[in-house]
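Look at the sequence and the structure before reading on.

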Amino acid sequence: MENEAAIRLAVFLGLFTLFAATEALIPRRARTQTRSKRWVTNWGITVANTLFLRGMAFVLPVLAVGAAVDAQAQGWGLLNALTLPGWIEVVAAILILDFVIWAQHLITHKVPLLWRLHRVHHADVDMDVTTAIRFHPIEIGLSMLIKIGVVYLLGPAALAVILFEIILNGTAMFNHANIRLPLWVDAIVRRVLVTPDMHRVHHSIHRHEHDSNYGFALSIWDRMFGTYIAQPAAGHDDMEVGLEWQDDRPAKLGWSLALPFARK
């Protein structure tokens with residue numbers, strides 16, 4: 001799709017600005033660290049991720065959207081073998097891809113080697129819109145390889161993959177944002193989408209709580225598979241966010257990038 005990267009970047013920056021402004025106006029929780037220190041680190045990790053993916057693009061013939069174009073040209077994948085109306089194919093592809101990301105997220109909590117990578121995301125001792133972009137570059141690379149494989153197996157239209165990536169990024173920023181939603185609004189929205197209060201449980205310092213609510217976009221998967229916890233035991237105001245490093249170390253770029261290789 002022409003101008004695909006520019007469109008995705010524009011949507012990302014627009015939504016990031018919207019959620020950052022909203023959480024500044026109606027925050028859900030008081031911050032424990034200054035925004036500037038954390039944001040420099042979390043954006044630094046994002047820059048590293050971007051460079052890592054660009055490096056992958058030089059090595060691999062295609063990334064996720066390119067895989068969709070190639071699969072369609074070759075006639076590979078389930079959806080290319082079926083004759084479905086275009087809108088049904090797009091909706092089905094988005095639902096399947098969202099489930100795959102949910103399952104991948106669950107697996108990163110269960111496999112020790114993958115958890116060492118994923119805990120970079122969870123180590124953030126505050127939770128706001130920048131937490132949504134705080135993933136170790138190696139984890140981002142592995143996630144892209146999984147997406148490429150699934151796209152070849154599924155055979156979705158390139159438009160479906162682009163829409164999915166936009167939805168995934170947008171909903172991840174929304175549910176990580178430190179936004180105070182009225183409880184009745186939260187109750188309605190979380191029937192379909194993961195809300196900030198729902199996802200905050202997943203960032204609890206307690207293992208039984210951060211091993212729940214794995215969804216990034218749709219809330220249905222956690223309800224279906226019994227991994228849904230409605231609220232943190234300590235309440236949203238008093239719960240601790242992060243892991244065992246409740247100090248300034250997670251706000252340091254070098255420390256965060258080196259965390260997967262630390263002995264502990």
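The sections below go through salt bridges in this predicted model.

## Overall count

Side chains of opposite charge can pair when their charged atoms come close. Searching the whole structure turns up 13 salt bridges. Three of them are described here, including the pair Arg28 and Asp237.

## Arg28 and Asp237

Arg28 and Asp237 form a salt bridge through their side chains, at 3.6 Å from N to O. Arg28 sits in the loop between α1 (4-25) and α2 (35-59), and Asp237 sits in the loop between α12 (220-224) and α13 (253-258), so the pair ties together parts that are 209 residues apart in sequence.

Arg28 is buried, at 10% relative accessible area. Asp237 is exposed, at 53%.

## Asp128 and Arg31

Asp128 meets Arg31 in a salt bridge, with 2.7 Å from N to O. This pair also links distant parts of the chain. Asp128 is in the loop between α6 (112-122) and α7 (137-154), while Arg31 is in the loop between α1 and α2. They are 97 residues apart.

Asp128 is buried, with a relative accessible area of 0%. Arg31 is partly exposed, at 30%.

## Glu165 and Lys147

Here the salt bridge joins two helices. Glu165 belongs to helix α8 (residues 158-176) and Lys147 to helix α7, 18 residues apart. Their side chains meet at 3.0 Å, N to O. Both residues, Glu165 and Lys147, are buried.

Technical notes. Residues are numbered from 1 along each chain as its sequence is written. This is a predicted model: local features need pLDDT of at least 70, side-chain atom pairs count only at pLDDT 80 or more; totals for chains, interfaces and linings use all residues. Side-chain values use heavy atoms; hydrogens and water are left out. A salt bridge is a side-chain nitrogen of Lys or Arg within 4 Å of a carboxyl oxygen of Asp or Glu. Helices (H or I, at least four residues) and strands (E, at least two) are DSSP runs, numbered from the N terminus. Buried means under 20% relative accessible area, exposed over 50%, partly exposed in between (1.4 Å probe, protein chains only).
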